[in-house]
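Please look over the structure shown here.

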Amino acid sequence: MLMKNTEKKCVILGHGWLGQDLKQQLIGKKYEIDATVRDREKAEQLGLQYFSLSNEVLNHNIECKDAYWVCCIPPGFRREESNYLTVLAAALKLAQSQAMKGFLLCSSTGVYPSQAGLFHEQSSLNDLNLKQQGLLEAEQLVLSSGLGKVVRLAGLMGPKRHPGRFVAGKQLASSANESVNMVHQRDASNAIVHILENWSGAEPIYNLVMADHSCKADFYQQACKQLGTASPTFETDHQVERIIDGSAIEQLGFRYQFSRLADALEYCQ
């Protein structure tokens, strides 16, 4: 009698800050991992795979049949001449050729309109700027593959990514009373693992955002105080309650480790 193959495999496109942590969480769940960087020599040095698109030619050494794929490549729509959508299309085509089980895109809550409001996964996406349109197009590309899902990540914080380090002493264009939408790296990674482990029952799109939506002035003052740096200033103090609801994934059985921004800050050194 043949034994059923229960081997779990995952391809992580983008072995960066989030991809590295995700890799460790998946290894803990006994997954076989192919994680990629763009540079072939760097991949060989680090014992990773390489994946890059140059002049519309795909260069890679990924051979991972029947795997889940997670795209952690930053969208980069702020740069002119971004080829992110072309890279994503090539990744989907490659994943399909290797009989992928599913493709999960790490998108951003930046896809939601910039004005105040309460936004959830079914919210209408209207009056979008170019960056938001690019994010939405990427999501639709993945979802239209038939085996794709999307996580919309709020602002990421975690080890080596302390919020106070990026804003110390700066004047920010946002309002002091604008709501914060953040998620800790560990919750982002654990949520992705949870979706992979519960793929068939998971919804097509999930927001990953902690429930604490304190105002930016209070949050960044606390973050900078923790580091002993100067707090930022803000251009306005208008009340801006732009809140992204990240609770839907809890219906899948996921529980956030960090529900309070103050607790998450303690794990950002």
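## Helices H1 and H6

H1 and H6 cross with a right-handed sense. The contact draws on Trp17, Leu18, Asp21, Leu22, Gln25 and Leu26 from H1. From H6 come Gln185, Arg186, Ala188, Ser189, Asn190, Ile192, Val193 and Leu196. By type, the residues of this contact split into 8 nonpolar, 4 polar and 2 charged. The model is predicted, so these details are those of a computed structure.

Two packed helices are described by the angle between their axes and the distance between the axes. Here H1 covers residues 17-28 and H6 covers residues 185-197. Their axes come within 9 Å and cross at roughly 55°. The two helices are therefore oblique to each other.

## Helices H3 and H4

H3 spans residues 84-97, and H4 spans residues 130-143. The axes of this pair come within 10 Å, with a crossing angle of roughly 10°. That angle makes H3 roughly parallel to H4, because angles under 35 degrees count as roughly parallel.

On the H3 side, the contact uses Tyr84, Leu85, Leu88, Ala89 and Leu92. On the H4 side, Gly134, Glu137, Ala138, Leu141 and Val142 take part. The contact of H3 with H4 divides into 8 nonpolar residues, 1 polar and 1 charged.

## Nonpolar cores

In soluble globular proteins, nonpolar side chains tend to be buried together. The largest nonpolar core in this model has 45 residues. Within that core, Leu26, Val70 and Leu196 touch the most other members. H6 supplies the largest share of the core, 6 residues. A second core is separate and holds 24 residues, among them Leu88, Ala91, Leu94 and Phe103.

Which residues does Leu196 touch, not counting residues up to four places away in sequence? They are Cys10, Leu26, Tyr31, Tyr68, Val70 and Leu104. Leu196 and Leu26 also belong to the contact between H6 and H1.

Ala191 sits in helix H6. At 0% relative accessibility, Ala191 counts as buried. Beyond neighbours within four places in sequence, Ala191 is in contact with Leu208, Ile249 and Phe254. Ala191 and His120 are 71 residues apart in sequence, and their C-alpha atoms are 17 Å apart in space.

Ser107 belongs to strand S6. Its relative accessibility is 6%, so Ser107 counts as buried. Apart from neighbours within four places in sequence, Ser107 is in contact with Leu135, Glu139, Val150, Val151, Arg152 and Leu153. Ser107 and Pro74 are separated by 33 residues in sequence and by 8.3 Å in space, C-alpha to C-alpha.

Is Glu178 buried or exposed? At 18% relative accessibility, Glu178 counts as buried, because the cut-off for buried is under 20%. Glu178 is part of strand S10, residues 171-178. Not counting residues up to four places away in sequence, Glu178 touches Ser214, Cys215, Lys216, His238 and Val240.

Most residues other than glycine have a negative phi. Glu56 has a positive phi of about 65°, although it is not a glycine. Glu56 falls in the loop between strand S3 (49-54) and strand S4 (57-60). With a relative accessible area of 73%, Glu56 is exposed.

Ala99 also is not a glycine, and its phi is positive, at about 55°. Ala99 lies in the loop between H3 and strand S6 (102-108). Its relative accessible area is 36%, so Ala99 is partly exposed.

Where does Gln96 lie? Gln96 is in helix H3. With a relative accessible area of 43%, Gln96 is partly exposed. Gln96 and Ala116 are 20 residues apart in sequence. In space, C-alpha to C-alpha, Gln96 and Ala116 are 39 Å apart.

Notes:
Residues are numbered from 1 along each chain as its sequence is written. This is a predicted model: local features need pLDDT of at least 70, side-chain atom pairs count only at pLDDT 80 or more; totals for chains, interfaces and linings use all residues. Side-chain values use heavy atoms; hydrogens and water are left out. Axes are lines fitted to C-alpha atoms, for helices over the stretch in contact, and angles run from 0 to 180 degrees between N-to-C directions. Helices (H or I, at least four residues) and strands (E, at least two) are DSSP runs, numbered from the N terminus. Angles under 35 degrees count as roughly parallel, over 145 as roughly antiparallel, 65 to 115 as roughly perpendicular and the rest as oblique. A crossing is left-handed if the near helix is turned anticlockwise from the far one by less than a right angle, and right-handed if clockwise. Contact means heavy atoms within 4.5 Å. Ala, Val, Leu, Ile, Met, Phe, Trp, Tyr, Cys and Pro count as nonpolar, Asp, Glu, Lys and Arg as charged, and the others, Gly among them, as polar. A nonpolar core is a set of buried Ala, Val, Leu, Ile, Met, Phe, Trp, Tyr and Cys residues joined through side-chain atoms within 4.5 Å. Buried means under 20% relative accessible area, exposed over 50%, partly exposed in between (1.4 Å probe, protein chains only).
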